[in-house]
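Hi everyone, thanks for coming. Today I'd like to walk you through one structure, step by step. Please have the picture open while I talk.

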Amino acid sequence: MFNPNTPVLVVDDMSTMRKIVSKILRDLGFTNITEAADGNLAWEAISSAQAPIGLIISDWNMPNCTGLDLLRRVRADKSMGRIPFILVTAEAEQHQVAEAVKSGVDQYVVKPFSKDALQAKLEMVHKKYAA
Amino acid sequence: MDKIFEIQTFENYLLIKLKGSCDFSNLKGFYDEVMNVLQYSRPHVIIDCENLESISKDWVRDLLRLHLFLKSNDKKLRFVQASAALKSNFKTLGIDDAFKTSGTLKEALIDFGLAARRSLDTEFINPFLDSTMNVLKVQAGVDAQAGKIYLKKPNEPLLGDVSGVIGIVSENFTGAVVISFPEATFLKVMSGMLGEEYLELNQDILDGAGEITNIIFGQAKVILNGKGYGIKTALPSVVHGKDHTVSSHDLMGQSVVVPFESNSGKFFVEICLSV
């Protein structure tokens, strides 16, 4: 599993969903959690973070800059391109999942989700980057 | 390499999904494979062009052969989700009469007489109701049961104090889904969702009604789009206050309300559709 001190960025335009994800992360032992309300604010947070962000968990469907836009922006950046990235979505249509995979997402979580479901995805992503 | 076409057989029609660039190099086997399926039954054929980037004359020739075969068996060929460029290409080649297009799979099925025109029927409503129960159970630990559905007049006030609203937009119809909670129910649902007790409404939790609506809409959308409804992604909004209404723009047309009882109290799901 990820080191509990890993800086995690939680991105969602809905404050309740940010709270849910952050609470699950705290329950799993994570101590360094930052929140952002859309993809643009997330990009600012990633760019200005004192300790490099080690994991991004982002909603897909957001105004201004979607989770997919953010993913592409991160993957296109030389220094940030390898940050583990999980997309959270309420609409897992096949073509959307394919688009996310093509853009370099590590895992996606379908809403509604439980703590166990998110934990399982985190473990998969950690395994991938630890390999 | 990914296969350029995928054939899916349904009870009354055959769906062929084309993707990428269809050219001479990947044409081999297409016509034979389709005819192999058609030897057992003679259904209408729908070509889904959503992920089609380009199509060569060789492919057009084989599709024309398929059209003629179907025509001789009193069946139809229909292209769905075709781009403007593809439609224009058909016109330029003078084959737009043979290669008819429909916006979505659902529309093609309606044209073939295999599906009913959109209405607030159980096919449309049930995914929202099933999704409501599932979302509240998984995300908030709420057990809910749907009560008896009834019709509602446009612009009647919503029955709850906090409502999440999301527009349902497709090429040929619009509508909305609203989840409306009395304050006491909403506070209990939010307490379940966020793992801490909330005793009064505040800005921090109000958007939870929008999030619940968003997730319910997302789940239902996947099911309905699998049936060809072509519903587009949308963002939710929240309205609150006693006797609040949702703008008539969102809730024009036929509207139904489904009351729910749950271990957190009652709430209401309103679905509106304007064809």
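Let me begin with a term we need: two strands pair if DSSP finds at least two bridges between them. And please keep in mind that what you see is a predicted model.

With that in hand, look at chain B. E3(B) and strand E4, residues 77–80 of chain B, pair in the parallel sense, over four bridges. How does the chain get from E3(B) to E4(B)? The path goes through helix H2 of chain B, residues 57–72, and this β-α-β crossover is right-handed. That helix, H2(B), lies across E2, E3 and E4 of chain B and runs at about 170° to E3(B).

Now move to the other neighbour of E3(B). Strand E2, residues 13–22 of chain B, runs parallel to strand E3, residues 44–55 of chain B, and nine bridges join them.

Let's zoom out. In chain B, five strands form an open sheet in the order E1-E2-E3-E4-E5, with mixed pairing. Which strands are at the edges? They are strand E1 (5–9) and strand E5 (100–102) of chain B, each pairing on one side only. From one strand to the next, the twist averages 25°.

Next, over to chain A, for a pair of helices. The axes of helix H2 (residues 39–48) and helix H3 (residues 67–76) of chain A come within 9 Å and cross at roughly 30°. Angles under 35 degrees count as roughly parallel, so H2(A) and H3(A) are roughly parallel to each other. Their crossing is right-handed. Who meets whom? Gly39(A), Ala42(A) and Trp43(A) in H2(A) meet Gly67(A), Asp69(A), Leu70(A) and Arg73(A) in H3(A). By class, that contact has three nonpolar, two polar and two charged residues.

Finally, how do the chains meet? In all, 22 residues of chain B are in contact with 17 residues of chain A. On the chain B side, helices H5 (122–140), H6 (183–194) and H7 (203–226) each supply at least two residues. H7(B) gives the most, with 13 residues. The residues on that side of chain B divide into eight nonpolar, ten polar and four charged.

How values were computed
Residues numbered from 1 in each chain as written. Chains lettered and ligands numbered in written order. Predicted model: local features only at pLDDT ≥ 70, side-chain atom pairs only at ≥ 80, totals over all residues. Axes fitted to C-alpha atoms, helices over the stretch in contact; angles between N-to-C directions. Parallel < 35°, antiparallel > 145°, perpendicular 65-115°, else oblique. Left-handed = near helix turned anticlockwise from the far one by under 90°. Contact = placed C-beta atoms within 7 Å. Nonpolar A, V, L, I, M, F, W, Y, C, P; charged D, E, K, R; others polar. Right-handed = clockwise from strand over helix to strand, strands pointing away.
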